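Work through the exercises below with the sequence and the model open side by side. Try each task before reading its solution.

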Amino acid sequence: MSLTLDDVRRIARLARLDVSAAEVDTTRDQLNGILSFIEQLQSVDTTGIEPMAHAVDVVQRLRPDVATEPDRREAFQAIAPETEAGLYLVPKVIE
Amino acid sequence: MINSSLKELSAALARKKTSAVELATLFLDRIEKLNPSLNAFVTTDREKALAMARVADASGKVGAGDTPLAGIPLAHKDIFMTSGWRTTCGSKMLSNFIAPYDATVVEKFKVAGMVTLGKLNMDEFAMGSSNETSFYGPVKNPWDTARVPGGSSGGSAAAVAARLAPAATGTDTGGSIRQPAALCGLTGLKPTYGVVSRYGMIAFASSLDQGGPMAKSAEDCALLLNTMAGFDPRDSTSLERPAEDYARDLEKPLQGLRIGLPKEFFGEGMDADVRAAVEAALAEYRKLGATMVEVNLPNSGLSVPAYYVIAPAEASSNLSRFDGVRYGHRAPDYADLDDMYSKSRAQGFGEEVKRRILIGTYVLSHGYYDAYYLQAQKIRRLIANDFVAAFKSCDVIMGPTAPSVAFRFGDKSADPVQMYLSDIYTIAVNLAGLPGMSIPCGFGNADMPVGLQIVGPWFGEAKMLNIAHRYQLVTDWHIRQPGGLP
């Protein structure tokens, strides 16, 4: 299958990536090139094959429920684009 | 000194023939002189490096038995968080990002007394095979500056090849240690998934990413891996295994070794010059007592397309953290929160990263998940099963690391799929989580280095290093260095 310009805009919206009107055609062509390359996977018979999510079978470890991380708010916020009173600032979402 | 092995440097330090400060200065001076033409380093900091060297000299770690690497300088791929240093991951997104903590790998080398020379250039977020996707400009191959160093750990490879650092760290998601090692004439090892901690290693595709050493020889890689490897509770996929001495078997004779040759790795697609060098290496292994066994990896041809579903899917999820809120680039102008996300990400990421995020978002989206992502994971199982079957009749698998020697800038950058095929021999190893390495095995077209790939069963690192080391005792490809450099 191949993507339309609307598909590209929809995916870009899902990915929160601004794709400008000037880029959308090229983006569609490149994505379609990649998709047609991965299309060959469809013809493989995988009936009864267990999907492999990870290279090694490990189970999620549990640890005692005690705090291990010190409070480093200042250090982490020092590299943030915009903070105030220990909070990260973003544009207003509720009027 | 610039050509010395880590063992030689360690001995020189122990005998007080040199000091950590003297070694750091030697390499920092070379970086200052040669980096402008190679672009291997994104960041250097003489003061920080010399301060670490002074600490090493005063620490009592130099020359001590349990810290054999103390006082020796190294450089880190800019994907590893280094506290107080700018850590860019090759991206504009992180051009002003000062890491607030150390990656476990960085911390381990620090504790071992090694001295950080700087941060190495790479393809943006490790997505690329030529270093052409770096926001900081491509790294040049020291063997021919019109050619790519490979990627994504191209800065690591170029720095060690040009003797700007005795050793470097790299990461490998689909070949990013092995392919640049091959293209720059180095020894590079991607360990079994889970052996080296991923904590503080900026995530690309979490089920595939693995850090490893890049150096001049297998012996150097063994010493580096001894420090790098180990269980880390801060990485949920780190494996709890007893510590290993990866250098323990280096000298073992290879009599009786069974080398598996997958016919899929020796078919069409490999350039004649690469084939000639690889076959000459195999002949050398026969002389060392190895026998060749034909094996089959019937599904390996599906590894590149399967990877380009799985890796972008994981990347689209991992890179969602870059939203311009807590760190990284934020667009200067935007209408609302959503617009701020979309613009910050569009401005902060380069073309290849955006392509992969979009592909990943698509294959994970409603209605396509089963057809693409789940199907790719099932094929991943088939690929891994092929290796399990092959290792029943051989101890290691050998073949080419890359289908050609280093190509010229621009040769493959216009067509993403052509670029993806540079990793045709390396990607299956990541999908299966196996250890893989590349060692120099000769020269091909235009006198560019060729790499021999060695793939082992899970946790076969010590054996692979032994196999590589014995070859390096009887050949000198690994000590050749680029001409034209001082």
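**Exercise 1. Determine what share of the contacts in chain B between residues at least 6 apart in sequence join residues at least 24 apart, then describe the chain's overall form.**

Solution. Start with the contacts. The share is 77%. Remember that this is a predicted model. Next, take the secondary structure. Chain B has 15 helices and eleven strands. Now test its spread. The globule rule gives 23 Å for 486 residues, and the radius of gyration is 21 Å, close to that value, so chain B is as compact as a globular protein of that length. The C-alpha trace spans about 65 × 55 × 45 Å along the principal axes. Finally, check burial: 63% of the 486 residues count as buried.

**Exercise 2. Apply the globule rule to chain A and decide: compact globule or more spread out?**

Solution. List the elements first. Chain A holds three helices and two strands. Their order from the N terminus is α-α-α-β-β. The rule gives 12 Å for 95 residues, but the radius of gyration is 22 Å, well over that, so chain A is more spread out than a compact globule. Its C-alpha atoms fill a box of roughly 55 × 45 × 25 Å along the principal axes.

**Exercise 3. Find which helix of chain A gives the most to the side that touches chain B.**

Solution. Count the contact residues. On chain A there are 40, and they meet 53 residues of chain B. Sort them by helix. Helix 1 (5-14), helix 2 (24-38) and helix 3 (73-77) of chain A each supply at least two. Helix 2 gives the most, with six residues.

**Exercise 4. Check the length of helix 2 of chain A, then locate its buried residues and their packing partners.**

Solution. Begin with length. At 1.5 Å a residue, the 15 residues should span 21 Å; the end C-alpha atoms lie 21 Å apart, which agrees. Now pick out the buried positions. They are Thr27(A), Arg28(A), Gln30(A), Leu31(A), Ile34(A) and Ile38(A). Use the helical repeat to read such a list. An α-helix has 3.6 residues a turn, so residues three or four places apart point the same way. Then find the partners. Within chain A, the buried residues pack against helix 1. From chain B, helix 9, helix 11 (351-364) and helix 13 (416-420) pack against them.

**Exercise 5. Identify the residues that touch the most other members of the largest nonpolar core.**

Solution. The core has 171 residues. Those with the most core neighbours are Leu117(B), Ala159(B), Val160(B), Ala165(B), Val309(B) and Ile454(B). Helix 9 (residues 303-318) of chain B contributes the largest share, nine residues. Take Ala159(B) as a case. Leaving out residues up to four places away in sequence, Ala159(B) touches Ala40(B), Phe41(B), Ala75(B), Leu120(B), Leu164(B), Ala165(B) and Ala168(B).

**Exercise 6. Describe the cover and the pairing of strand 4 of chain B.**

Solution. Check burial first. In strand 4 (residues 167-172), six of six residues are buried. Then trace the pairing. Six bridges join strand 4 to strand 6 (residues 210-215) of chain B, and the two run antiparallel. In strand 6, Gln210(B) is the bridge partner of Asp172(B).

Definitions and conventions:
Residues are numbered from 1 along each chain as its sequence is written. Chains are lettered from A and ligands numbered from 1 in the order in which they are written. This is a predicted model: local features need pLDDT of at least 70, side-chain atom pairs count only at pLDDT 80 or more; totals for chains, interfaces and linings use all residues. A nonpolar core is a set of buried Ala, Val, Leu, Ile, Met, Phe, Trp, Tyr and Cys residues joined through C-beta atoms within 7 Å. A residue is buried if 20 or more other C-beta atoms lie within 10 Å of its own, exposed if 12 or fewer, and partly exposed in between; C-beta atoms are placed from the backbone. Helices (H or I, at least four residues) and strands (E, at least two) are DSSP runs, numbered from the N terminus. Two residues are in contact if their C-beta atoms, placed from the backbone, lie within 7 Å. The expected span of a helix is 1.5 Å times one less than its number of residues. Two strands pair if DSSP finds at least two bridges between them. The radius of gyration is taken over C-alpha atoms; the globule rule is 2.2 Å times the number of residues to the power 0.38.
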